[in-house]
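These are my notebook entries on one chain, written down in the order in which I looked things up. I wanted the overall make-up at hand before turning to single side chains.

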Amino acid sequence: MEKHLNSTSNKKGQLTIERREFLKKAGGFAIMGLFGTSFFTSCSDDTEDPINVDANSEGINIDGDTITIDLNLIEELNSSGGWLLITQAQTLVVNDGEIKALTSVCTHSNCDRNWSLNNGNFRCSCHGSVFTTDGEVVTGPATRPLTQFDVALDNDIITITK
């Protein structure tokens, strides 16, 4: 009587360069599809980077919870679409037809220096949360809005009260 053995054979060889390149690209696309492209672009720059200013900037005064901005010296806010990130005060200031001020501390992960303004929305580039200029969440991972501060405009002086 004959015995039939199940045997497995191993083969050795090398992939062609074209096959290797195909597998690298296919694997990359599979990973992007699995995680989404935002995973890979969350640290990328948007087109409109902030004008970073601090307490030493001429035209900006920070006194406790009050920030004053002289529009004669800080001209970025004189037209719609202009905006500032005041790093020492952790404050975003934007002119979207009216002057608004928000905390720059993202409600998702407390990042406070990685902001851009694109298509009328603020984007925290730490993890990709997007907020309106009123602070409302457009897309997460943040689930809570940014705190909006009181703003008064008297002649060419903006006063922000936190």
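**Entry 1: terms and ground rules.** I am working with a predicted model, in which local features need pLDDT of at least 70 and side-chain atom pairs count only at pLDDT 80 or more, while totals for chains, interfaces and linings use all residues. Residues are numbered from 1 along each chain as its sequence is written, and side-chain values use heavy atoms, with hydrogens and water left out.

**Entry 2: the chain as a whole.** I looked up the secondary structure and found 2 helices and 12 strands, in the order α-α-β-β-β-β-β-β-β-β-β-β-β-β from the N terminus. Of the 162 residues, 33% count as buried, where buried means under 20% relative accessible area, exposed over 50% and partly exposed in between, with a 1.4 Å probe and protein chains only. The accessible surface, computed by the Shrake-Rupley method with a 1.4 Å probe, comes to about 10,600 Å², and 48% of this belongs to carbon and sulfur atoms. Taking contact to mean heavy atoms within 4.5 Å, I noted that among contacts between residues at least 6 apart in sequence, 44% join residues at least 24 apart.

Entry 3: How many residues of S6 are buried? The count is 5 of the 5, so S6 is largely enclosed by the rest of the structure. Ile 99, Ala 101 and Thr 103 point one way from the strand, Lys 100 and Leu 102 point the other way, and all are buried. I set beside this the general point that in a regular strand the side chains alternate between the two faces of the sheet.

S6 pairs with strand S5 (residues 91-95) in the antiparallel sense over 5 bridges, and here the bridge partner of Asn 95 is Ile 99. The hairpin of S5 and S6 has 3 residues between the strands, and Gly 97 takes a positive phi near 110 degrees there. S6 also pairs in the antiparallel sense with strand S11 (residues 148-154), over 2 bridges, and Leu 102 stands opposite Gln 148 in S11.

**Entry 4: Lys 100.** Which residues does Lys 100 touch, leaving aside its neighbours within four places in sequence? They are Leu 92, Val 93, Val 94, Thr 133, Asp 134, Gln 148 and Val 151. Lys 100 counts as buried because its relative accessibility is 9%.

The structure holds 2 salt bridges, a salt bridge being a side-chain nitrogen of Lys or Arg within 4 Å of a carboxyl oxygen of Asp or Glu. The side chains of Asp 96 and Lys 100 meet in one, at 2.9 Å from N to O. Asp 134 forms a salt bridge with Lys 100 as well, with the closest N and O atoms 2.6 Å apart. Asp 134 lies in the loop between strand S9 (130-132) and S10, whereas Lys 100 lies in strand S6, so the pair ties together parts that are 34 residues apart in sequence. I recorded Asp 96, Lys 100 and Asp 134 as linked in a network of salt bridges. Asp 96 counts as partly exposed at 31% relative accessibility, and Asp 134 counts as partly exposed at 36%.

**Entry 5: strand S12.** I then looked up strand S12 (residues 157-161), which has a covered face, Ile 158 and Ile 160, and an uncovered one, Ile 157, Thr 159 and Thr 161. It is joined to strand S3 (residues 66-70) by 5 bridges, the two running antiparallel, and the bridge partner of Thr 68 is Thr 159. S11 and S12 also run antiparallel and are joined by 5 bridges, with Leu 153 bridging to Ile 158. These two form a hairpin with 2 residues between them, and Asn 155 in the turn has a positive phi of about 55 degrees.

**Entry 6: the open sheet.** Last, I looked at the 4 strands that form an open sheet in the order S7-S8-S9-S10, with antiparallel pairing. Strand S7 (115-118) and strand S10 (137-139) stand at the edges with a single partner strand each, so one side of each is left without a neighbour in the sheet. S7 pairs with strand S8 (residues 121-124) over 4 bridges in the antiparallel sense, and the bridge partner of Leu 117 in S8 is Phe 122.

Terms used: Two strands pair if DSSP finds at least two bridges between them.
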